[in-house]
Amino acid sequence: MLNKKISDMLNDQINKELYSAYLYLDFANYYADEGLDGFAHWYEVQAQEERDHAFMIRRYLINNGVRVHFEAVAKPDKVFHAHLEPLEAGYAHEQYVTSLITDIYHEASAQKDYRTMQFLDWFIKEQGEEETNADDMVKKMKLFGHDAKGLYALNQELAARVYAPSTTGPAM
Ligand code: FEO
C-alpha cells in the first residue's frame with residue numbers, strides 16, 4: 001500500500017509526463033512548419049518517450065493497488081521566433097521535470113518507501129540523460145546552427161534518432 005501523498009504525487013506526475021509529450025509534439029509541429037524535418041522527428045521520438053514515462057508511472061500505481069485519476073492536460077502555448085528557442089525551452093523543461101522527480105523521491109525517502117525510491121531510480125538516471133541531451137542540442141545549435149550548411153547537417157543528424165520503447169524501465 002502506497003502512502004497517499006506519494007501516490008498523489010505520482011498520479012500528478014502522469015499528467016506532467018503527458019504534458020511533456022504534448023509539449024514536444026508541439027515543438028515538432030513548429031519544426032515541421034519550418035521545414036526542419038530532422039528536428040521535428042527528434043521531438044516526435046521524444047514525445048513517444050514521454051508518453052512511455054506516463055504509462056510506466058500509471059502501471060506502477062495500478063500494480064500497487066492505486067486507482068489512477070486523470071486531469072486535463074495543459075495546452076502547449078509557446079510561440080517561437082527562432083530555431084534555437086524550442087531547444088532552450090526543452091532544456092529548461094527537463095530541468096523542471098527533474099525537480100518534480102526529485103521532490104517525489106525526497107518524499108519517498110522521508111516515508112521510508114524504498115519500493116518507490118527503487119522505482120524512481122530509473123527516472124533519476126533518465127532525467128540525467130535527458131538534461132544532457134537537451135543541453136547538447138542547445139550547444140550544437142549555437143555552434144553550428146547559424147549557417148545553412150551547419151543547420152542542414154544538424155537536421156540530418158537529428159533525423160537519425162530511433163525510437164526505442166523503454167522496455168528496460170521499471171514495472172514494479
Ligand atoms: Fe519524462 Fe523528459 O521527462
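**View 1. Lys5 and its partner Glu107 in this predicted model.** Lys5 is partly exposed, with a relative accessible area of 47%; on this scale buried means under 20% relative accessible area, exposed over 50%, and partly exposed in between, using a 1.4 Å probe and protein chains only. Lys5 makes a salt bridge with Glu107, and their closest N and O atoms are 3.4 Å apart. The term salt bridge stands for a side-chain nitrogen of Lys or Arg within 4 Å of a carboxyl oxygen of Asp or Glu. Glu107, for its part, is buried at a relative accessible area of 13%. Because Glu107 sits in helix 3 and Lys5 in helix 1 (residues 4-33), the pair ties together parts that are 102 residues apart in sequence. Helices (H or I, at least four residues) and strands (E, at least two) are DSSP runs, numbered from the N terminus.

**A note on reading these views.** Residues are numbered from 1 along each chain as its sequence is written. The model is predicted, so local features need pLDDT of at least 70 and side-chain atom pairs count only at pLDDT 80 or more, while totals for chains, interfaces and linings use all residues; side-chain values use heavy atoms, with hydrogens and water left out.

**View 2. The whole chain, for orientation.** The protein chain has five helices and zero strands, and its elements run α-α-α-α-α from the N terminus on. Its radius of gyration is 17 Å, close to the 16 Å that the globule rule gives for 172 residues, so the chain is as compact as a globular protein of that length. Here the radius is taken over C-alpha atoms, and the globule rule is 2.2 Å times the number of residues to the power 0.38. Along the principal axes, the C-alpha trace spans about 55 × 25 × 25 Å. Of the 172 residues, 47% count as buried. Among contacts with a separation of 6 or more, 81% come from residues 24 or more positions apart; contact means heavy atoms within 4.5 Å.

**View 3. Helix 3 and the residue just beyond it.** Helix 3 covers residues 84-110, and at 1.5 Å a residue its 27 residues should span 39 Å. The expected span is 1.5 Å times one less than the number of residues. The end C-alpha atoms of helix 3 are 40 Å apart, which agrees. Just after helix 3, look for Lys112, which takes a positive phi of about 55 degrees.

**View 4. Two residues of helix 4, Gln127 and Lys125.** Gln127 lies in helix 4 and is buried, with a relative accessible area of 3%. Which residues does Gln127 touch, not counting those up to four places away in sequence? They are Glu94, Val97, Thr98 and Ile101. Lys125 is exposed at 57% relative accessible area, and forms a salt bridge with Glu129, the closest N and O atoms lying 3.5 Å apart. Glu129 counts as partly exposed at 39% relative accessibility. Lys125 and Glu129 are four residues apart in helix 4, and therefore separated by about one helical turn.

**View 5. Helix 5 and its two sides.** Gly150, Leu151, Leu154, Asn155 and Leu158 are the buried residues of helix 5. They cover an arc of only 135 degrees around the axis, which puts them on the same side of helix 5; the arc is that of the directions from the helix axis to the C-beta atoms. These buried residues pack against helix 2 (37-63) and helix 4 (114-144). On the other side of helix 5 you will find Ala148, Lys149 and Tyr152 exposed.

**View 6. The N-terminal end of helix 5, capped by Asp147.** A side-chain oxygen of Asp147 lies 3.1 Å from the backbone nitrogen of Lys149.

**View 7. The segment after helix 5, with Arg161 and Ala160.** Arg161 forms a salt bridge with Glu49, and the closest N and O atoms are 3.3 Å apart. The pair links distant parts of the chain, with Arg161 in the segment after helix 5 and Glu49 in helix 2, 112 residues apart. Arg161 is buried, with a relative accessible area of 16%, and Glu49 counts as buried at 13%. Ala160 lies in the segment after helix 5 and counts as exposed at 56% relative accessibility. The C-alpha atoms of Ala160 and Phe39 are separated by 10.0 Å, although the two residues are 121 residues apart along the chain.

Note on methods
A polar contact is a pair of N or O atoms within 3.5 Å; within protein, one must be able to donate a hydrogen and the other to accept it, and residues adjacent in sequence count only if both atoms are side-chain atoms.
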